[in-house]
Amino acid sequence: MGRTTALPNEKLTPWWLAVGWARTVLQQRIVDYEAKGWNAAYDMRQLEQLDDMEMFLKMSWDQWMDDLDPKQAVQEVNK
């Protein structure tokens with residue numbers, strides 16, 4: 001059984017930007033932790049999750065934009 005989640009497509013850009021900003025901040029935090037000799041393993045795992053989320057949002061955005069392409073939206077109707 002397949003499951004899907006409806007996403008409000010108009011929010012894809014703000015979500016993608018928020019995830020990108022979170023990745024940037026987390027990457028800097030990892031650098032800071034490693035410079036201090038602290039364990040950054042948890043943050044690295046969270047960074048992997050953000051990478052996955054960013055890819056999902058990018059793929060969703062691309063699909064939405066493809067669906068809006070007028071060349072694909074036009075279909076011949078035979079009556």
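## Getting your bearings

Two residues count as being in contact when heavy atoms of theirs lie within 4.5 Å. With that in hand, take Asp43: leaving aside residues up to four places away in sequence, Asp43 touches Leu26, Arg29, Ile30 and Tyr33. Keep in mind that what you're looking at is a predicted model.

The chain has three helices and zero strands, and from the N terminus on the order is α-α-α. Of its 79 residues, 16% count as buried. The accessible surface comes to about 6,800 Å², and carbon and sulfur atoms own 57% of that. As for contacts with a separation of 6 or more, 57% of them are between residues 24 or more positions apart.

## A look along α2

Helix α2 covers residues 41-68, and Asp43 is found in it.

Asp43 has a relative accessibility of 5%, so Asp43 counts as buried. Asp43 and Ile30 are 13 residues apart in sequence, yet 6.6 Å apart in space, C-alpha to C-alpha.

## The nonpolar core

Which residues make up the largest nonpolar core? There are eight: Leu12, Val19, Leu26, Ile30, Ala40, Leu47, Leu50 and Leu57. Both α1 and α2 supply at least two residues each, with α1 giving the most, at four. In soluble globular proteins, nonpolar side chains tend to be buried together.

Not counting residues up to four places away in sequence, Leu47 touches Arg23, Leu26, Gln27 and Ile30.

Now for a charged residue. Arg23 is found in helix α1, residues 12-36. Is Arg23 buried or exposed? Its relative accessibility is 18%, and the cut-off for buried is under 20%, so Arg23 counts as buried. Beyond the residues up to four places away in sequence, Arg23 touches Leu47, Leu50, Asp51 and Glu54.

Two of those contacts are salt bridges. The side chains of Arg23 and Asp51 meet at 2.5 Å, N to O; this pair links distant parts of the chain, with Arg23 in helix α1 and Asp51 in helix α2, 28 residues apart. Asp51 is partly exposed, with a relative accessible area of 30%. Arg23 and Glu54 also form a salt bridge, at 3.3 Å, N to O. Glu54 lies in helix α2 and Arg23 in helix α1, so this pair ties together parts that are 31 residues apart in sequence. Both Arg23 and Glu54 are buried.

## Another bridge and a ring pair

The count of salt bridges comes to four. One of them joins Asp62 and Lys58, with the closest N and O atoms 2.9 Å apart. Both residues lie in helix α2, four residues apart, or about one turn of the helix. Asp62 counts as partly exposed at 29% relative accessibility, and Lys58 is partly exposed too, at 39%.

The structure also holds one aromatic pair. Tyr33 is partly exposed at 22% relative accessibility, and Trp38 is partly exposed at 48%.

Note on methods. Residues numbered from 1 in each chain as written. Predicted model: local features only at pLDDT ≥ 70, side-chain atom pairs only at ≥ 80, totals over all residues. Heavy atoms only, no water. Buried < 20%, exposed > 50% of the residue type's maximum accessible area, 1.4 Å probe, protein only. Phe/Tyr/Trp six-rings, centres within 6.5 Å; stacked < 30°, edge-to-face > 60°. Core = buried A, V, L, I, M, F, W, Y, C linked by side-chain atoms within 4.5 Å. Areas by Shrake-Rupley, 256 points an atom, 1.4 Å probe, with all protein chains shown as cover.
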